[in-house]
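Subject: A structure for you to look at

Hi there,

Here is the structure I promised to pass on to you. Please open it and keep it beside this email while you read.

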Amino acid sequence: MQGAPLAARIRSEVAEEVHELGGLGLVTVQVGEDPASTIYLRLKHEAAQEAGIASDDRKVPEDISEEDLLALVSELNADEDVDGILVQLPLPPQLDEERIIRAIDPVKDVDGLHPFNAGELYLGRPRLVPATPLGIMALLAQHRVHLEGAEAVVVGRSDIVGKPIAHLLLQANATVTICHSRTADLARYTLEADVLVVAVGSPEVVTADMVKQGAAVVDVGINRTENGLVGDVAPAAAEVAAFFTPVPGGVGPMTIAMLLQNTVKAARYRRGLLAFPKAGR
């Protein structure tokens with residue numbers, strides 16, 4: 001399941017929607033100068049600008065105070081030219097990550113991490129959902145992977161991938177099991193999976209003998225090793241699986257495409273073209 005062709009199509013569709021809407025604004029906030037984050041954000045901004053989205057990367061010092069970062073988020077919330085806000089994670093230890101995420105206006109939360117958006121997803125009413133899980137669902141749909149009644153296993157329970165993809169699969173009527181670092185006998189579960197999503201950030205933690213014949217395997221991991229970039233699933237698993245996402249080139253391009261799609265969706269919410277519920281109502 002190559003991500004690049006589908007991602008290119010989605011980015012083209014986004015460009016058309018941006019033209020129809022008359023311009024969108026996306027702002028990312030990077031605290032410090034982590035090299036991997038810098039590269040990833042550059043790719044996001046290049047894709048945004050290619051789609052006609054005005055994007056701005058606000059870089060702030062690693063030692064920024066929590067109050068100063070909250071003030072910046074408040075400024076972006078109030079800026080009518082900004083449709084989407086993304087604070088690059090993780091944050092330095094002096095900053096309360098949860099407090100920063102809560103400060104983002106839910107309607108501009110293109111990362112889908114605000115508790116309001118997370119709660120709407122939990123309740124089966126997805127609004128703005130993290131981009132990587134959306135990309136996974138789009139890939140599965142593109143390849144017509146049957147989900148209704150399927151056994152789906154998610155390895156990993158992060159807020160940005162594991163938990164949201166489990167909810168999306170559940171809402172597609174799959175039977176979902178979540179595994180994690182404390183799961184005993186992981187292979188016992190993965191061998192039952194018709195759809196296997198692995199997102200733990202551990203090189204080749206799932207080997208070929210842990211994959212069910214004919215399964216659809218989505219490898220979200222991207223790990224830098226002495227042998228180059230590797231996923232969370234051993235490449236040999238591709239010989240067992242019916243569908244398999246390569247690393248790199250599988251989920252990665254989809255994440256950026258779906259972030260742009262989320263920005264368009266946020267803009268539609270903000271313009272009243274889609275209904276966005278108010279918290280507390």
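Two strands count as paired if DSSP finds at least two bridges between them. In this predicted model, strand β1 (residues 24–31) and β3 are joined in the parallel sense by four bridges. To find a spot in that pairing, look for V27, which stands opposite I85 in β3.

Now the sheet as a whole. It is open and has three strands in the order β2-β1-β3, with parallel pairing. β2 (53–60) and β3 (84–87) are the edge strands, each pairing on one side only. From one strand to the next, the twist averages 15°. Helix α2 (residues 35–50) packs on this sheet and touches β1, β2 and β3. The direction of α2 makes about 160° with that of β2.

Next, have a look at helix α1 (residues 3–21). Its 19 residues reach 26 Å from the first C-alpha to the last, close to the 27 Å expected at 1.5 Å a residue.

Which residues of α1 are buried? They are G3, L6, A7, I10, V14, V18 and L21. These residues lie on the same side of α1, because they cover an arc of only 115° around the axis. An α-helix has 3.6 residues a turn, so residues three or four places apart point the same way. On the other side of α1, P5, E16, H19 and E20 are exposed.

And what covers the buried residues of α1? The cover includes β1, β2, α6 (131–142) and α9 (251–270). Just after α1 comes G22, with a positive phi of about 85°.

Enjoy exploring!

Key
Residues are numbered from 1 along each chain as its sequence is written. This is a predicted model: local features need pLDDT of at least 70, side-chain atom pairs count only at pLDDT 80 or more; totals for chains, interfaces and linings use all residues. Side-chain values use heavy atoms; hydrogens and water are left out. Helices (H or I, at least four residues) and strands (E, at least two) are DSSP runs, numbered from the N terminus. Axes are lines fitted to C-alpha atoms, for helices over the stretch in contact, and angles run from 0 to 180 degrees between N-to-C directions. Contact means heavy atoms within 4.5 Å. The expected span of a helix is 1.5 Å times one less than its number of residues. Buried means under 20% relative accessible area, exposed over 50%, partly exposed in between (1.4 Å probe, protein chains only). The arc is that of the directions from the helix axis to the C-beta atoms.
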